[in-house]
Each structure stands twice: as structure tokens, then as C-alpha cells.
Amino acid sequence: MAGGLPRTQAQRAAVQALYQSLVNNQAPEKDTMDFVMAEYANKIDKNYFQLLVEGVTKEIDTIDAELTHAVDRSLATVDPVEISVLRLAVFEYIHRPDIPYRVVLNEAVELAKSFGGEQGHKYVNGVLDKMSARLRQAEYQAAKAARAQKKSELINWPEKIKPSRRGFF
């Protein structure tokens, strides 16, 4: 198990619980939740873990409806690890506006790298980028504008530098 902050560990544990629930085709049972929490012992934010698992389970229809706008196929055909990560991230996009969308996206990509297939993280990144534009529109547009400004400054940087009398910088 990789190290990390209690919130990050809660996300890792939640993905495992959501995955297990999905492949067993049943809601997360108390036994499953206890088992996953025991695996992470004192390294997990237990309240955040429960919030994630219970929130995703309760809001799964809303989350899946949002995901259908960004995925390129039926949700039933998306890899179980990837759909578990995507559902968790969309839940955070909707219910945790205090967490910047880039943080949610990056953490989801790391989860997909840890638990998913070889290229699964790229799919998660692409879907969540679309979801960011949809669910966190103002934040996404502000970040996009800041990146464009930075790119413009990098392209034009030689114009800002005046050579010395000897022709050196």
C-alpha cells in the first residue's frame, strides 16, 4: 500500500470498496467497509471514506447521468476500476467545491495508475477534463485563461529582454 495523507488514503479505500461493490453487483456492505478500513487502519480519514462510499452509492444515478456526457461508450462497458475512479471524482466535483478541480483530476489519475490498467489513467484524465469543463465551468475557464496567458508570456519572452551593449543578455 502506498503512503499518503489520510484523505488520499480514504480515496484509495473508497475506490476499492466501490470496485468490490460493482463487481459483486451489490451495495457496499458493512463487512466490506470494515475490511477496507481495517486494511488502512489509522492511515485513513474514516469520515471522508464513509462520505465518499455512501455519497457515491446514494448519488450513483446522478453521477452516471453526468458521466454519460463525457464517456465515449456505455458506462456498463467501462472498466470497473476506471468507472469506480470516475464516479468518485464526479462525486467530489459536485459535492466538494472546496477541492480544486485540478486536485480532484490529478488524484483520480493517480488512483487509476495505481489500480487500473496500463492506459486507464489516460482515459480517466480525458473524461474528467470534459467533466471539469461541465461541472466546474467557472474554475475550469479561469484555469484555461491562466494557462493561455502563461503560454503567451513564454512565447513572447525574448521581446522582453533587451540586449546589453555587447549584444549579450
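Me: Before we start, what does buried mean here?
Reply: Buried means under 20% relative accessible area. Keep in mind that this is a predicted model.

Me: OK. Which residues of helix 1 are buried?
Reply: Gln-9, Ala-10, Gln-11, Arg-12, Ala-13, Ala-14, Val-15, Ala-17, Leu-18 and Ser-21.

Me: And where is Tyr-19?
Reply: Tyr-19 is in helix 1 too, which covers residues 6-24.

Me: Why does Tyr-19 count as partly exposed?
Reply: Because its relative accessibility is 34%. Buried needs under 20% and exposed over 50%, so Tyr-19 falls in between.

Me: Which residues make the nonpolar surface patch of about 220 Å²?
Reply: Tyr-19 does, with Leu-22 and Val-23.

Me: What span should helix 1 have?
Reply: With 19 residues at 1.5 Å a residue, 27 Å. The C-alpha atoms at its ends are 27 Å apart, so that agrees.

Me: What follows helix 1?
Reply: Asn-25, with a positive phi near 55°.

Me: New topic. How many aromatic pairs are there in the whole structure?
Reply: One. Tyr-101 pairs with Tyr-140, 5.6 Å centre to centre. Their planes are 55° apart, and the pair is tilted.

Me: Which parts does the pair tie together?
Reply: Tyr-101 lies in helix 6 (residues 101-115) and Tyr-140 in helix 8 (residues 137-155), so the pair links parts 39 residues apart in sequence.

Me: Are those two buried or exposed?
Reply: Tyr-101 and Tyr-140 are both buried.

Me: Last one. What sits over the ring of Tyr-123?
Reply: The charged end of Arg-73, 4.4 Å from the ring centre.

Definitions and conventions. Residues are numbered from 1 along each chain as its sequence is written. This is a predicted model: local features need pLDDT of at least 70, side-chain atom pairs count only at pLDDT 80 or more; totals for chains, interfaces and linings use all residues. Side-chain values use heavy atoms; hydrogens and water are left out. Patches are made of residues with over 30% relative accessible area and no salt bridge: like charges are joined within 9 Å, nonpolar side chains (Val, Leu, Ile, Met, Phe, Trp, Tyr) within 5 Å. Accessible areas come from the Shrake-Rupley method with a 1.4 Å probe; for residues, only the protein chains shown count as cover. A salt bridge is a side-chain nitrogen of Lys or Arg within 4 Å of a carboxyl oxygen of Asp or Glu. Helices (H or I, at least four residues) and strands (E, at least two) are DSSP runs, numbered from the N terminus. Buried means under 20% relative accessible area, exposed over 50%, partly exposed in between (1.4 Å probe, protein chains only). Rings of Phe, Tyr and Trp (its six-membered ring) pair if their centres lie within 6.5 Å; planes under 30 degrees apart count as stacked, over 60 as edge-to-face and the rest as tilted. A charge sits over a ring if NZ of Lys or CZ of Arg is within 6 Å of the ring centre and within 35 degrees of the ring normal. The expected span of a helix is 1.5 Å times one less than its number of residues.
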